[in-house]
Amino acid sequence: MASPAKNVRRDSAGQPRPVEALDGVDRQIIDALVADARITNRDLADAVGIAPSTALMRTRSLMERGAIEGFEAKLNLAVIGRAVQALIAVRLRAHDRDQIDTFTSRVPKLPEVLSTFHTSGSVDYLLHIAVRDTDALRDWVLDNLTTDPVVGHTETTLVFKHMPGHSGPLD
């Protein structure tokens with residue numbers, strides 16, 4: 001039997017409860033945490049205009065409900081030696097479960113891969129990677145994709161600048 005999904009509230013019979021809608025306070029908390037995930041609970045409470053105990057309770061509730069999946073450090077890739085970013089479109093040779101599983105069990109877990117997107121259309125996956133330089137990029141593509149028997153085609157696009165979008169709730 002499959003294990004129940006994480007971060008899903010369940011009723012007394014173990015059935016998933018309907019997802020609770022985000023209210024204005026939830027949205028303010030999320031916006032504040034998106035702007036600064038290291039904000040103290042007291043400062044978060046002040047920013048939202050609620051008591052610190054309420055801020056803590058609401059933040060924990062957002063985590064339990066799956067609205068907040070975690071907190072991350074945002075890295076300056078150039079400073080840590082990964083100045084070259086690329087988007088790599090990958091087309092698999094075949095679309096059977098074995099080849100998909102072979103690819104997804106290995107490639108997204110490689111340390112250079114920042115994100116993996118399973119897509120529709122002419123490509124199967126889009127990888128966002130970061131490496132030291134263009135020589136390392138060439139070697140990475142050769143070592144990890146073009147020599148992989150499940151990969152049929154790749155197309156690499158250099159990223160000149162990454163401009164993140166808004167990651168908070170939509171209004």
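This is a predicted model: local features need pLDDT of at least 70, side-chain atom pairs count only at pLDDT 80 or more; totals for chains, interfaces and linings use all residues.

Me: Why is Leu75 called exposed?

Reply: Its relative accessible area is 52%. The label exposed applies over 50%, so Leu75 counts as exposed. Leu75 also belongs to a nonpolar surface patch of about 310 Å², together with Val79 and Ile80.

Me: What makes Val150 buried?

Reply: Buried means under 20% relative accessible area. Val150 has 7%, so the label buried applies. Val150 is placed in the loop between helix H5 (134–146) and strand E4 (151–159). Its C-alpha atom is 5.8 Å from that of Gln99, although the two are 51 residues apart along the chain. In the chain of 171 residues, 29% are buried.

Me: Why is the pair of Phe103 and Tyr125 called tilted?

Reply: The ring planes stand at 35 degrees. Stacked would need under 30 degrees and edge-to-face over 60, so the pair is tilted. The ring centres are 4.8 Å apart, and the limit for a pair is 6.5 Å. A search of the whole structure gives one aromatic pair.

Me: Which parts of the chain does the pair of Phe103 and Tyr125 tie together?

Reply: Phe103 is in helix H4 (residues 97–106) and Tyr125 is in strand E3 (residues 125–131), so the pair ties together parts 22 residues apart in sequence. Both Phe103 and Tyr125 are buried.

Me: How do you know that Arg58 and Asp23 form a salt bridge?

Reply: The N to O distance between their side chains is 2.5 Å. A salt bridge requires the nitrogen to be within 4 Å of the carboxyl oxygen, so the pair qualifies. Arg58 lies in helix H3 and Asp23 in the segment before H1, so parts 35 residues apart in sequence are tied together.

Me: Are Arg58 and Asp23 buried or partly exposed?

Reply: Arg58 has a relative accessible area of 19%, and the cut-off for buried is under 20%, so Arg58 is buried. Asp23 is at 35%; partly exposed covers what falls between buried and exposed, so Asp23 counts as partly exposed.

Me: What makes Arg65 and Asp26 a salt bridge?

Reply: Their N to O distance is 3.5 Å, to be set against the limit of 4 Å. Arg65 lies in the loop between H3 and E1 and Asp26 in helix H1, so the pair ties together parts 39 residues apart in sequence. Arg65 is buried at 17%, and Asp26 is buried at 2%.

Me: How many salt bridges are there in the whole structure?

Reply: The search finds eight. One of them joins Asp139 and Arg138 at 3.2 Å, N to O. Asp139 has 33% relative accessibility and is partly exposed, as is Arg138 with 45%.

Me: What lines the largest pocket?

Reply: The lining has 33 residues; Glu72, Ala73, Lys74, Pro164 and Ser167 lie nearest the centre. The pocket holds about 1,500 Å³ of space. Helix H1 (24–35) gives the most to the lining, with four residues.

Methods: Residues are numbered from 1 along each chain as its sequence is written. Side-chain values use heavy atoms; hydrogens and water are left out. Patches are made of residues with over 30% relative accessible area and no salt bridge: like charges are joined within 9 Å, nonpolar side chains (Val, Leu, Ile, Met, Phe, Trp, Tyr) within 5 Å. Accessible areas come from the Shrake-Rupley method with a 1.4 Å probe; for residues, only the protein chains shown count as cover. Buried means under 20% relative accessible area, exposed over 50%, partly exposed in between (1.4 Å probe, protein chains only). Rings of Phe, Tyr and Trp (its six-membered ring) pair if their centres lie within 6.5 Å; planes under 30 degrees apart count as stacked, over 60 as edge-to-face and the rest as tilted. Helices (H or I, at least four residues) and strands (E, at least two) are DSSP runs, numbered from the N terminus. On a 1 Å grid over the protein atoms alone, a cavity is a set of points where a 1.4 Å probe fits but cannot get out, and a pocket is an open set with protein on both sides within 12 Å along at least five of seven lines; lining residues have an atom within 4 Å of a point. Grid points are joined across faces, edges and corners, and a volume is the space filled by probe spheres set on the points.
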